[in-house]
Amino acid sequence: MNILNEAALLAARKGRGAVTGHDTLEACDKVRYGKERKSLEMGEKDKFHTAYHESGHAIVGLVVDHADPVEKVTIIPRGMSLGATYFVPETNRLSYWRKELIDRLAVLMGGRVAEDIFVGDISSGAQMDISQATELARSMVCQWGMTESLGPVAYDERTDSTGYGAGQNSKNYSDETAKNIDKEVRNLLDQANKEAVKIITENKDKMVLMSEMLLEFEVLDKEDVVAIMDGSWDPEYKRKKLKDLTEAHRTMPP
């Protein structure tokens with residue numbers, strides 16, 4: 001009901017006589033991720049950095065074998081972020097396998113790696129990515145026994161866990177084990193970073209194209225990013241589609 005109500009409000013603001021599917025999808029994003037902050041004035045430099053950062057996440061996610069499908073890439077600020085890459089699983093996920101988590105770490109590193117390669121510097125925007133990757137890698141080592149050197153042992157006792165990475169830790173191991181845990185976490189993150197570097201380096205032309213299209217259109221959907229990756233991208237088709245969406249069910253004011 002909330003989504004349909006938001007969709008109706010969006011359609012009314014755009015002067016439509018009916019709610020379109022595009023309005024409904026936009027309402028879904030607002031409900032799930034927060035309201036777009038189009039009034040936030042981003043400089044061209046920030047837009048450029050954000051476009052490459054989000055393209056890095058998307059490209060790595062599209063290349064690895066076990067990532068969830070990319071639903072949308074945007075450089076429109078929403079909530080606290082200047083841009084976002086949304087991955088939506090095809091089915092409800094109740095658990096994740098080690099190979100999927102390894103690829104997830106590479107995807108998280110993709111934004112930082114893209115900044116380093118194409119911008120020549122690293123912004124504070126990678127803070128959340130690094131934090132999530134570190135927490136995920138630590139859970140793999142300490143909770144789920146996903147490293148050979150430390151074996152299938154739970155080193156952290158967690159309370160009030162609501163998902164991977166959530167909850168409070170209770171240390172129940174020696175200082176020597178703590179050093180080995182830190183080493184394994186670092187190894188997982190280093191491997192993920194190297195994989196992201198490899199993928200982005202091998203797909204530089206697609207990185208540049210996706211970033212340029214984000215700077216022009218601000219939002220790329222699943223169909224767009226797949227077309228960029230398989231070489232069938234046509235910007236004129238995108239422009240026509242946006243024009244048709246804008247004009248759909250538009251009514252002249254009385």
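Colleague: In which order do the three strands of the open sheet lie, and with what pairing?

Modeller: In this predicted model, the open sheet of three strands runs in the order S2-S1-S5, and its pairing is antiparallel. The edge strands, each pairing on one side only, are S2 (84–87) and S5 (219–221), while the twist from one strand to the next averages 10°.

Colleague: How many bridges join S1 and S2, and which residue of S2 stands opposite Val70?

Modeller: Strand S1, residues 70–74, pairs with S2 in the antiparallel sense over four bridges, and the residue standing opposite Val70 is Phe87 in S2. Helix H8, residues 222–230, packs on this sheet, where it touches S1 and S5, and its direction makes about 80° with that of S5.

Colleague: What describes two packed helices, and at what angle do H4 and H7 pack?

Modeller: Two packed helices are described by the angle between their axes together with the distance between those axes. Here helix H4 (residues 98–119) and helix H7 (residues 204–217) pack at an angle of about 95°, their axes being 12 Å apart. Since angles of 65 to 115 degrees count as roughly perpendicular, H4 and H7 are therefore roughly perpendicular to each other.

Colleague: Which residues of H4 and H7 meet?

Modeller: From H4, Ala114, Ile117 and Phe118 meet Lys204, Met207 and Val208 in H7; the residues of this contact divide into five nonpolar, one charged and no polar.

Colleague: Is Cys28 buried or exposed, and how many disulfides does a search of the whole structure find?

Modeller: Because buried means under 20% relative accessible area, Cys28 counts as buried at 19% relative accessibility, and Cys142 is buried with a relative accessible area of 0%. The search of the whole structure finds zero disulfides.

Key
Residues are numbered from 1 along each chain as its sequence is written. This is a predicted model: local features need pLDDT of at least 70, side-chain atom pairs count only at pLDDT 80 or more; totals for chains, interfaces and linings use all residues. Side-chain values use heavy atoms; hydrogens and water are left out. Axes are lines fitted to C-alpha atoms, for helices over the stretch in contact, and angles run from 0 to 180 degrees between N-to-C directions. Helices (H or I, at least four residues) and strands (E, at least two) are DSSP runs, numbered from the N terminus. Angles under 35 degrees count as roughly parallel, over 145 as roughly antiparallel, 65 to 115 as roughly perpendicular and the rest as oblique. Contact means heavy atoms within 4.5 Å. Ala, Val, Leu, Ile, Met, Phe, Trp, Tyr, Cys and Pro count as nonpolar, Asp, Glu, Lys and Arg as charged, and the others, Gly among them, as polar. A disulfide is a pair of cysteine sulfur atoms within 2.5 Å. Buried means under 20% relative accessible area, exposed over 50%, partly exposed in between (1.4 Å probe, protein chains only). Two strands pair if DSSP finds at least two bridges between them.
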